[in-house]
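Subject: Structure for you to look at

Hi there,

Here is the structure I promised to pass on. Could you open it and follow along with my notes?

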Amino acid sequence: MSSSPIRHCPTLSLTRQLRVHERLRAAAVMVGGLCLSATVWAHGEADDVLPAEAGVSVDAAIALRTLRADQPLPSEPLNGYLLLGDAGHDLRKEPLEHAALGLSARFNDTWGARLAVGQHASDDVHVEAAWLQARHDGDDAAWLLTFGRQRPALGPVLGAAGHLDRFGPVPLAQRMAVNGDWVDDGAQLSWRADRGARQWRADLALWRGQAFPGAQHGAVAPGLHLGLDQGLWSIDGLWAQFRPDGRGSAIQPALGHSHNAPICDSALREVVCFRGRSDVLAASVRWQGAQSAQAWPITLSAAGWIRSETGTLESVNGLVDYRGRSTGGWLEALWQIHPRWELGWRGERLMADHAIDGAGASLIMAETRLNVYQSATRQTLMLGMRASEQVDVRVEAGRESAAGVSVNFAALRVLVKLQALLSP
């Protein structure tokens, strides 16, 4: 059958008022269990979470929310994009947004290690980090080699988005590109250098490639990240390539959210399987007005993800050629209206082109729900208060539109981030 690119652009509209849900009161007990005397935890990349000197530190973080909406948010299944086919979480029923507990150790000037576990909503507890790192410091540069399970280096904008972030919902573009949170096993060689007013970042990696958009079977995935800080500006770019040999998308959405692709066996039961090449690109830029001569209390940022795929889709209804390109990003503005208060806005858009050719193309489009594709949008307003060095309270109101469904939402969030040095 002929190929079928699809495009549509829904409009944006106004947000609705927040109403606090009683589940937050019960979930707040979880925060109390984490409240130890500590300093604020920097939940960052592999080169900024270890103690500065030889020693051991423990960190904990939890984000709780109560979300009000008339129906589940359309970004959870995100129909119309080639994902894992799961139904996602109904965030209205999930008071736990994210919880994490980590242990970091610096043995000497060269060696360090980290172990961290976490949980998202009602998912099982999982290992988020388990790595060993070697570091060499020169006069104006540092080399780091990190082995094990870790988050790829993405820079300050992409790395923070959707992960104990100022805004609760994972950016639509990040949900599309890496299924929300990118953690993989591999090795990452990093270079950090100060060159006068410029601070350079470079990371070259080889990943096992089992995290989405990879699959259980496939080639090792190379990745490259470059970043630059100069004056008011931070700029980052990323490229990675996956070659999944059978990445499943469920035909009938399972309850809850999944980080593992459905199994592609010879029976192809209730699954559509992608085989081919998947290229992921991302970029971000940030401008910090507080560092300007005028000391403007404004931070502006922009970020985007692209996932481009070429290969085949196979189900019991046939084998077809597939080409797809999904592109999304967001603009963000933060205004520090008071040392303890900030006001923020994030506007997002996500688009795709899908082309399918072969016998059974129409059936496979329906199975993967690509036939309901429309561009997705989200706008969110946020008011945040820093209650203490460890606790943030945030109120959000926004509107999502995806696959012909538009939903207003509002949320109250409490974030606690803690760190304590256990031994010098």
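First, the ground rules. This is a predicted model, in which local features need pLDDT of at least 70 and side-chain atom pairs count only at pLDDT 80 or more, while totals for chains, interfaces and linings use all residues. Residues are numbered from 1 along each chain as its sequence is written, and side-chain values use heavy atoms, with hydrogens and water left out.

On confidence: the average pLDDT (the predictor's confidence in each residue, from 0 to 100) is 87, and 87% of the residues score at least 70. Please treat residues 1-44 separately: pLDDT stays under 50 there.

Overall, the protein has four helices and 17 strands (DSSP runs numbered from the N terminus: helices are H or I of at least four residues, strands E of at least two). Of its 424 residues, 50% are buried (under 20% relative accessible area; exposed is over 50% and partly exposed in between, with a 1.4 Å probe and protein chains only). Among contacts (heavy atoms within 4.5 Å) with a separation of 6 or more, 68% join residues 24 or more positions apart.

Beyond its neighbours within four places in sequence, Tyr 81 touches Met 176, Leu 350 and Leu 370, among others.

Which residues form the nonpolar patch on the surface? They are Trp 143, Leu 145, Phe 147, Leu 189, Leu 204, Leu 224, Leu 226, Trp 239 and Leu 281, with about 790 Å² of accessible area together. Patch residues have over 30% relative accessible area and no salt bridge, with nonpolar side chains (Val, Leu, Ile, Met, Phe, Trp, Tyr) joined within 5 Å and like charges within 9 Å. A salt bridge is a side-chain nitrogen of Lys or Arg within 4 Å of a carboxyl oxygen of Asp or Glu; accessible areas come from the Shrake-Rupley method with a 1.4 Å probe, and for residues only the protein chains shown count as cover. Strands E5 (141-150) and E8 (221-230) each give two or more residues, with E5 giving the largest share, three. Leu 145 sits in E5 and is partly exposed, at 31% relative accessible area.

Best wishes
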